[in-house]
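Q: Hi! Could you walk me through this one with me?

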Amino acid sequence: MFEYVPFEKRSGSSPAPDLKLFILSTCAFCEQAKRFLEEYGLPYSFIQVDRLPADLQRRLPNEFAGELDSSLRFPSIVIDDAEPRVGYDRGAWKDAILGGKPADG
């Protein structure tokens with residue numbers, strides 16, 4: 001899923017499921033979402049959708065909806081190519097990704 005998308009990868013120090021983050025370059029909530037992943041040392045891939053070529057910008061929401069049965073809003077994260085979280089909600093993301101575990105440190 002999303003093989004055609006040129007995701008940027010960020011490494012991390014903690015084990016994590018496969019995380020794909022969909023953001024906009026000008027979105028403050030998207031930056032908060034990235035900071036959350038970095039705070040927990042999670043490896044993730046991300047794409048700034050507004051910086052993609054127009055054809056990919058049009059294709060991505062259709063695939064997101066078709067494969068994940070969810071609309072693409074920003075930020076969105078897909079966990080293990082199956083579980084989307086649309087919109088940044090720190091508590092919900094923490095439960096979904098970490099199972100409520102505290103940060104390393």
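**Helix and sheet**

Q: Great, so what covers the buried residues of H1?
A: The cover includes strand E2 (19-23), strand E3 (44-48), strand E4 (76-79) and helix H3 (90-98). Helices (H or I, at least four residues) and strands (E, at least two) are DSSP runs, numbered from the N terminus. Contact means heavy atoms within 4.5 Å.

Q: What should I know about the source?
A: This is a predicted model: local features need pLDDT of at least 70, side-chain atom pairs count only at pLDDT 80 or more, and totals for chains, interfaces and linings use all residues. Residues are numbered from 1 along each chain as its sequence is written, and side-chain values use heavy atoms, leaving out hydrogens and water.

Q: Which residues of H1 are buried?
A: Cys30, Ala33, Lys34, Phe36 and Leu37; buried means under 20% relative accessible area, exposed over 50%, partly exposed in between (1.4 Å probe, protein chains only). They cover an arc of only 155° around the axis, which puts them on the same side of H1; the arc is that of the directions from the helix axis to the C-beta atoms.

Q: And which are exposed on the other side?
A: Ala28 and Arg35 are exposed there.

Q: Switching to the sheet, what's the strand order?
A: The open sheet of five strands runs E1-E3-E2-E4-E5, with mixed pairing. Its edge strands are E1 (8-10) and E5 (83-86), each pairing on one side only. Two strands pair if DSSP finds at least two bridges between them.

Q: How many bridges link E2 and E4?
A: Four, in the antiparallel sense. Leu19 has Ile79 in E4 as its bridge partner.
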